[in-house]
Amino acid sequence: MTMGRVSVIIATYNRATLLDECLDHLRRQRLSPGDEIIVVDNGSTDDTDAVVARHQQRCRVPLHLVHESMPGKSRAIARAVAAATGDVLAFTDDDVNVGEGWLDAVRDAMNDPAVALAGGPVKPRWQSTVPEWIRRGRDRHPRLGAPIALLDYGAQSLDLGPRTLLGANLAVRKDVFVKAGGFPVALGKLRGTLLSGEDHELCRRVQDAGFVARYVPEAAVEHWVPADRARVAYFLRWFYWSGITHAIMDGPGTPSSSRTLAGLPLYLIARAATSSARALAALAAGNRASALDAAVDVAFTFGYAAERWGFADHALQAPARIAGEVV
């Protein structure tokens with residue numbers, strides 16, 4: 001298998017201004033004959049149609065607009081994949097600006113016939129009002145980049161292994177994507193929730209099927225980070241939903257390798273208890289980033305328990321209420 005035609009796919013919902021900037025950066029890539037860009041509108045009520053129409057007049061390759069009325073990013077992606085004609089599907093998001101040479105780097109990676117999935121760093125494009133301690137905090141606590149969809153595994157290319165790539169910067173051969181079952185519709189963004197994990201599950205399935213997945217540092221993009229996603233309440237809510245996501249991915253029962261109490265892994269309960277103490281100590285010391293890094297363990301356990309015990313919808317705001325808003 002070698003690199004062929006590329007279908008760049010973007011799911012969007014009511015982000016016409018950001019989408020306009022995203023498409024402007026995509027049009028500057030080295031697009032080849034046979035490539036295409038597909039925007040799938042997941043029920044927007046803003047100027048999305050007009051934005052796409054304007055870029056259709058300027059784009060050197062076909063730029064298609066398709067619609068998926070049923071809410072959910074995974075469903076929207078499935079609609080776009082059904083319309084795609086490329087050999088490789090290159091996914092990004094409507095609030096992402098791809099870097100110069102992004103598509104070239106994707107092509108270089110996928111020209112290796114052993115590689116079926118590839119992607120690179122997702123760097124921040126901060127709104128000016130994002131607190132400085134949030135910007136700095138992710139350097140000391142890398143997982144704090146997850147709620148704001150940031151990723152960086154360094155400057156060297158490497159096989160992915162247990163790591164994951166993000167849907168904001170991920171390319172996969174279409175036939176492998178289909179064989180792996182695509183993005184699972186039980187995961188991924190759905191309005192009113194912060195479900196995630198669809199990209200992680202795809203990376204796992206592709207590698208479990210014997211294919212190579214690779215991190216490519218040259219294939220870099222920038223993700224818009226607005227101030228309302230850089231608040232403590234949002235981080236806690238995101239990790240709460242991450243707990244729900246992981247409980248769904250674990251399936252109806254807890255893995256047999258884990259000792260459990262009331263359906264929860266004992267290590268998770270112990271980590272939440274320890275993290276509660278760490279969060280209080282860090283707050284007392286005035287270290288807000290460390291306090292947040294500890295508090296998200298508690299939020300994650302709340303979410304995992306909510307899914308396990310069947311009250312996920314009712315517990316939606318519990319972590320934010322408990323911790324309060326400190327930004």
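I start with the crossing of α1 and α2, which is right-handed, meaning that the near helix is turned clockwise from the far one by less than a right angle. Helices here are DSSP runs of H or I with at least four residues, numbered from the N terminus.

This is a predicted model: local features need pLDDT of at least 70, side-chain atom pairs count only at pLDDT 80 or more, and totals for chains, interfaces and linings use all residues. Residues are numbered from 1 along each chain as its sequence is written, and side-chain values use heavy atoms, with hydrogens and water left out.

Back to the pair. Helix α1 covers residues 16-27 and helix α2 residues 48-56; their axes are 9 Å apart, at an angle of about 15°. The axes are lines fitted to C-alpha atoms over the stretch in contact, and angles run from 0 to 180 degrees between N-to-C directions. α1 is therefore roughly parallel to α2, the term for angles under 35 degrees. On the α1 side, the contact (heavy atoms within 4.5 Å) includes L19 and L23.

L23 also belongs to the largest nonpolar core, of 62 residues, and is one of those that touch the most other members. Such a core is a set of buried Ala, Val, Leu, Ile, Met, Phe, Trp, Tyr and Cys residues joined through side-chain atoms within 4.5 Å, buried being under 20% relative accessible area with a 1.4 Å probe, protein chains only. Helix α4, residues 102-110, gives this core its largest share, six residues. Another core, of 21 residues, lies apart from it and includes V130 and A299.

Last, α9 and α10: their crossing is left-handed, with the near helix turned anticlockwise.

Terms used. Helix = DSSP H or I, 4+ residues; strand = E, 2+ residues; numbered from the N terminus. Buried < 20%, exposed > 50% of the residue type's maximum accessible area, 1.4 Å probe, protein only. Parallel < 35°, antiparallel > 145°, perpendicular 65-115°, else oblique.
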